[in-house]
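This report goes through one chain, from a single residue to the overall dimensions. Look at the sequence and the structure first.

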Amino acid sequence: MEIIFKIIAIGLITCFAVLIVKPIKNDFALIIGVVGGIVIMSMVLNCFSSLFSSFSNIVERTGLNKDIFSLIIKIVGIGYLTEFSANLCSDCGNNGLADKMLLGGKVALLVLSLPIINNILSIVTELLP
C-alpha cells in the first residue's frame, strides 16, 4: 500500500518541477516529465513480480489453462504499455502519434484475444443442443 504513496509523491514532485521549469527552459521541463514517468514505471514494474507469483499460484490451484493465463497477462501488459507510451507522446505535444499508438495497441489486443474468443465460442457451441 505504501508504494502508491511513493508513486503519487514522485508524480506530484515531477508535476511541480515541470511547472516551475517550463517557463524558464521548456526542453528541460520535457526531460523532467519523461524521467519522472520512467521512475514511476520502474516502481510499478517492481510490483509485477509479486503479482505474477500470486497469479501463478491461482493457476496452479485452479487448473486453468496456462496458455490462456499467459495471453491475459500479455493483453494487460500491452494495454498498460500502450497507454503509457501514448500519454508520453501526448505530453510531448504529439497527439497524432499518440492516437496512432493507441489504435495499434487496440489492434494488437484484438489479435491476441482471438484464441480466447475461439475458446469461448467452442465452449458455447458444446453447450448448445
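## One residue

Why does Ile73 count as partly exposed? The model is predicted, and in it Ile73 has a relative accessible area of 22%. Buried would mean under 20% and exposed over 50%, so Ile73, at 22%, is partly exposed.

Ile73 lies in helix α3. Leaving out residues up to four places away in sequence, Ile73 touches Phe52 and Phe55. Between Ile73 and Phe52 there are 8.7 Å from C-alpha to C-alpha, and the two are 21 residues apart in sequence.

## Two helices

Two packed helices are described by the angle between their axes and the distance between the axes. Helix α3 covers residues 66–91 and helix α4 covers residues 95–127; their axes come within 8 Å and cross at roughly 175 degrees. Angles over 145 degrees count as roughly antiparallel, so α3 is roughly antiparallel to α4. The contact of α3 with α4 has 16 nonpolar, eight polar and two charged residues.

## The whole chain

The chain has four helices and zero strands, which gives the pattern α-α-α-α along the sequence. Of the contacts with a separation of 6 or more, 55% are between residues 24 or more positions apart.

The C-alpha atoms fill a box of roughly 70 × 35 × 15 Å along the principal axes. The radius of gyration is 20 Å, whereas a compact globule of 129 residues would have one near 14 Å.

## Surface

Buried residues make up 16% of the 129 residues. The accessible surface comes to about 9,500 Å², and 71% of that belongs to carbon and sulfur atoms.

Methods. Residues numbered from 1 in each chain as written. Predicted model: local features only at pLDDT ≥ 70, side-chain atom pairs only at ≥ 80, totals over all residues. Heavy atoms only, no water. Axes fitted to C-alpha atoms, helices over the stretch in contact; angles between N-to-C directions. Helix = DSSP H or I, 4+ residues; strand = E, 2+ residues; numbered from the N terminus. Parallel < 35°, antiparallel > 145°, perpendicular 65-115°, else oblique. Nonpolar A, V, L, I, M, F, W, Y, C, P; charged D, E, K, R; others polar. Buried < 20%, exposed > 50% of the residue type's maximum accessible area, 1.4 Å probe, protein only. Contact = heavy atoms within 4.5 Å. Rg over C-alpha atoms; globule rule 2.2 N^0.38 Å. Areas by Shrake-Rupley, 256 points an atom, 1.4 Å probe, with all protein chains shown as cover.
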